[in-house]
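This report describes a structure with attention to one strand, its sheet and a partner chain. Please look at the sequence and the model below before reading on.

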Amino acid sequence: MDMSHLSLEDAADHLRKKTFSAVELTRFFLERIARENPRLNAYITVDEAGALAAAQEADLRLARGDATPLTGLPLAVKDLFCTQGLRTTCASRMLQRFCPPYESTVTRRLKEAGAVLLGKTNMDEFAMGSSNETSFFGPVHNPWDLTRTPGGSSGGSATAVAAGLCLAAIGTDTGGSIRQPAALTGITGLKPTYGRVSRYGMIAFASSLDQAGPMTRSVADAALLLQAMAGHDPLDATSIDTPVPAYRERLRPIPQGLQIGIPGEYFAEGLTDPVRRAVEKAMGVFQELGARCIPLSLPCTDYAIPTYYVIAPAEASSNLARYDGVRFGHRCDDPKDLREMYARSRSEGFGAEVKRRIMLGTYVLSSGYYDAYYRKAQKVRRLIADDFHAAFSQVDLLLTPTTPETAFQLGEKNSDPVQMYLSDIFTINVNLAGLPAISLPCGFDEQTLPIGMQLIAPPLREESLLATAHAFQQATDWHLRRPS
Amino acid sequence: MSIDAKTVQHVATLARLQVSAEEVASYGEQLSRILTLMESLNRLPTDAVSPMSHAVNMELPEREDTVCNSNQRESLLACAADTEQGHFRVPKIIE
């Protein structure tokens, strides 16, 4: 039986009916990873022993009849979630040998829900990148075309899900790092409301923007995983303390007359024709399902990239100050004094893009430039958030393309950081405003590369986002296509 | 906005990074390009706007000030490159 592309619910059903055991399912994926990972490079670390032990535990629970929704389901986790005793690298030389002494809340909750963690997935170094090419462990390849990027920064998780090297995966999204790779690999990716999922034990990039979420082959799977991940955590001071709805049970048909806003700025110059056509066709599907599509404007859209590239590097330069070679992480050989130890350890441990962002962040926070750049960006951030609030007084959800184009060639945008930054143009605004958004497949271009669209909701309306996206997947089969 | 070599070197020092002569040139050029992109923000009037430092408006939670972590000295020291007698060891600071 080909178990590689089962839905989470079907796999759980098979486990309960004993079509196969959790150990058999886990072995199936471990063998598949051993065979396929050398050409895809989706995993940095595969935890064979840990996965098999968890699967044995799951089989005992199944035999006892006290299985939870994720019992025995093999998942992959981006390599920036601290996993106690299992190497966590953030795809950096800096943390190449870092074994966390504690567990992140997300991975702890998934394990408590019974999930089997197969391993840690590849990513852009410290989640800084949009193509997975900044990883110290080499780029991830897109299973739809191995010469192309799967996107980033959660590219390893995206490829692992698309290629069937796990049932589902977890990523993180600071400026689009779940949604953009989901779009480029033809899978479903959800960035929850800022604060919905605990950031405890997630290696920090930009603390006011980072959020973890599921990367799956369907909306139903995303709802199941979010259920396990979401909820208040006293260990994260920014975690929101409101009850978590029953996402899976509430995947109901969309209400007649649901109002979906179509922001004109996302369909302007720069959007490629195949993506435009696919998203316009999706609008037709939503209309057939009873929704109304309403054109509107988000006037500050074009300011999101410059705003983000002030705020995110500023926060990153502060967060990454902790890598000093003293308590953990890389330390250079034979430093002659403390200053040299700091500077050489950091310069050897960080890659070029991470250093570029640290420099940028240090510059915009430095004396004399703080008001001109950082404070200015914080003010524009409010204007961007206000745009969304105004839009949500008129409509229930927003629909946009996830990316301007389909997967680009590895190496294509490497030499020009600004070009690379622009590939997140449709996703970054959502992080600045702290909103939930989902990317789901809505077509293919003429080279059979997947196209993704994005639905955006008001804060904490994941329920409405998931139900609408699920209704689309019930009416279409784009999400069921698989790379050959 | 153009960033000269002296500024790149100054920022690198602040960030505790060592940069080669080639890196000074390439960072100078790239940072200049990125900062030029950022200058588009000046087209927006923002005098009356209050800065937004966080995505969610919330009060910082408080908790009882009680000891909740057990002694983790060994596991924390195990992450370090160099330790001695229960301490992190670094190069000599005082001559």
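Which residues lie on the one side and on the other of strand 4 of chain A, and are they buried or exposed? On one side stand A:Ala168, A:Ile170 and A:Thr172, on the other A:Ala169, A:Gly171 and A:Asp173, and all are buried. A residue is buried if 20 or more other C-beta atoms, placed from the backbone, lie within 10 Å of its own; it is exposed with 12 or fewer, and partly exposed in between. Strands (E, at least two residues) and helices (H or I, at least four) are DSSP runs, numbered from the N terminus.

The model is predicted: local features need pLDDT of at least 70 and side-chain atom pairs count only at pLDDT 80 or more, while totals for chains, interfaces and linings use all residues. Residues are numbered from 1 along each chain as its sequence is written, and chains are lettered from A and ligands numbered from 1 in the order in which they are written.

**The strand and its sheet**

Because six of the six residues of strand 4 (residues 168–173) of chain A are buried, this strand is largely enclosed by the rest of the structure. It belongs to an open sheet of 11 strands in chain A with mixed pairing, in the order 1-3-2-4-6-5-10-11-9-7-8; two strands pair if DSSP finds at least two bridges between them. The edge strands, strand 1 (43–46) and strand 8 (292–296) of chain A, each pair on one side only. The table gives the pairing of strand 4 of chain A.

| Partner in chain A | Direction | Bridges |
|---|---|---|
| Strand 2 (residues 74–78) | parallel | three bridges |
| Strand 6 (residues 211–216) | antiparallel | five bridges |

A:Leu75 stands opposite A:Ala168, and A:Ala76 has A:Ala169 as its bridge partner in strand 4 of chain A. In strand 6 of chain A, A:Ala169 is partnered by A:Met215.

Chain B has three helices and two strands, which run α-α-α-β-β from the N terminus. Its radius of gyration, taken over C-alpha atoms, is 23 Å, well over the 12 Å that the globule rule (2.2 Å times the number of residues to the power 0.38) gives for 95 residues, so chain B is more spread out than a compact globule. Of these 95 residues, 18% count as buried.

The contact takes 53 residues from chain A and 40 residues from chain B; two residues are in contact if their C-beta atoms, placed from the backbone, lie within 7 Å. Helix 2 of chain B gives the most to its side, with seven residues.
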